[in-house]
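Please go through the report below with the sequence and the structure at hand. It takes up single residues and then the chain as a whole.

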Amino acid sequence: MTIRDRTNLILMLVAGLPSIILVCFVPATLCTPAPAYGWLKEACGLAMEHPIVFVNVLFFLNVSVGFWIVGLIQGSFWLIDPYWTFIPPLIGQFYLSHPLAVHPMTTRAAVAMALVWIWSIRLTHNYVSSLS
């Protein structure tokens, strides 16, 4: 793996951090109890009351806008391709761990989420192994 490949791999992980942090920590940790003011109060309200809208706004800002800016700076929009390996499991985990989820820990939900993670890991492995 070349230095450029390593740099691109790090950039790929760092560019996705806002989505990873918000999906993993907003509903369960940052919104309990609800913050009193500021952007986090608005984000928590959206995440708790309208989870589908929250996920769409989050990924629009992080993926569409954020990656577009990174692409303009780099002169290449390669970053969006590997990011599709992260989006499905993040969305699945968000919905599975959401407080409004109905029966989130059924066998069916666990198997479905496990299959999404396996698919994502396989796809990420294929992408990373193609770098060398």
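G45 is found in helix α3, which covers residues 39-49. Helices here are DSSP runs of H or I with at least four residues, strands are runs of E with at least two, and both are numbered from the N terminus. The C-alpha atom of G45 is separated by 8.3 Å from that of C31, a residue 14 positions away along the chain.

The model is a predicted one: local features need pLDDT of at least 70, side-chain atom pairs count only at pLDDT 80 or more, and totals for chains, interfaces and linings use all residues. Residues are numbered from 1 along each chain as its sequence is written, and side-chain values use heavy atoms, with hydrogens and water left out.

Buried means under 20% relative accessible area, exposed means over 50%, and partly exposed lies in between (1.4 Å probe, protein chains only).

| Residue | Relative accessible area | Class |
|---|---|---|
| G45 | 23% | partly exposed |
| N62 | 9% | buried |
| I69 | 41% | partly exposed |

N62 lies in helix α4, residues 51-74. Leaving aside residues up to four places away in sequence, N62 touches A15, G16, P18, S19, F67 and Y83, where a contact means heavy atoms within 4.5 Å.

I69 is also found in helix α4. Together with V53, V57, F60, L61, V65, W68, L72, I73 and F77, I69 makes a nonpolar surface patch of about 970 Å². Patches are made of residues with over 30% relative accessible area and no salt bridge; like charges are joined within 9 Å and nonpolar side chains (Val, Leu, Ile, Met, Phe, Trp, Tyr) within 5 Å. A salt bridge is a side-chain nitrogen of Lys or Arg within 4 Å of a carboxyl oxygen of Asp or Glu.

The protein chain as a whole has seven helices and zero strands. Its C-alpha atoms fill a box of roughly 45 × 40 × 20 Å along the principal axes. Of its 132 residues, 33% are buried. Among contacts with a separation of 6 or more, 69% are between residues 24 or more positions apart.

The accessible surface of the protein chain comes to about 8,300 Å², and 73% of this belongs to carbon and sulfur atoms. Accessible areas come from the Shrake-Rupley method with a 1.4 Å probe; for residues, only the protein chains shown count as cover.
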